[in-house]
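Visitor: Could we go through the strand pairing here? Please start with the terms.

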Amino acid sequence: ISINCSHTNIGRYEFIHWYRQLPGRSPAFLVSVLQGSKELLDPPGRLSVAADRRSSALWLSRPRRGDAAVYYCAQET
């Protein structure tokens, strides 16, 4: 499964952060990256940032029922 996010006004040195909020819980940090891609261990997957940094995609390689959540992306300001 792939979850996409748009970052149309991102600055050159602003990090992209991803969080997930499981039902009944507060948002929890997953990963952040400036550019390129980064592997995730829990949940298993990868965060990839487009070359122009205007979008990113969080890919879950083996989604399980327990990964059902609200996923948020944010950029550093």
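Guide: Strands are DSSP runs of E with at least two residues, numbered from the N terminus. Two strands pair if DSSP finds at least two bridges between them. This is a predicted model, in which local features need pLDDT of at least 70, side-chain atom pairs count only at pLDDT 80 or more, and totals for chains, interfaces and linings use all residues. Residues are numbered from 1 along each chain as its sequence is written, and side-chain values use heavy atoms, with hydrogens and water left out.

Visitor: In what order do the strands of the open sheet of 3 strands come?

Guide: The order is β3-β2-β7, and the pairing is antiparallel. Because β3 (28-33) and β7 (70-75) each have a single partner strand, one side of each is left without a neighbour in the sheet. Ignoring direction, neighbouring strands of this sheet are turned by 20° against each other on average; the axes behind such angles are lines fitted to C-alpha atoms, and angles run from 0 to 180 degrees between N-to-C directions.

Visitor: How many bridges join β2 to β7?

Guide: Strand β2 (residues 16-21) is joined to β7 by 6 bridges, and the two run antiparallel. W18 stands opposite C73 in β7.

Visitor: Now the open sheet of 4 strands: what is its order?

Guide: That sheet is ordered β1-β6-β5-β4, with antiparallel pairing. Its edge strands are β1 (2-6) and β4 (37-40), each pairing on one side only. From one strand to the next, the twist averages 15°.

Visitor: And which residue is the bridge partner of S37?

Guide: S37 has S48 in β5 as its bridge partner. β4 and strand β5 (residues 45-49) pair in the antiparallel sense over 4 bridges.
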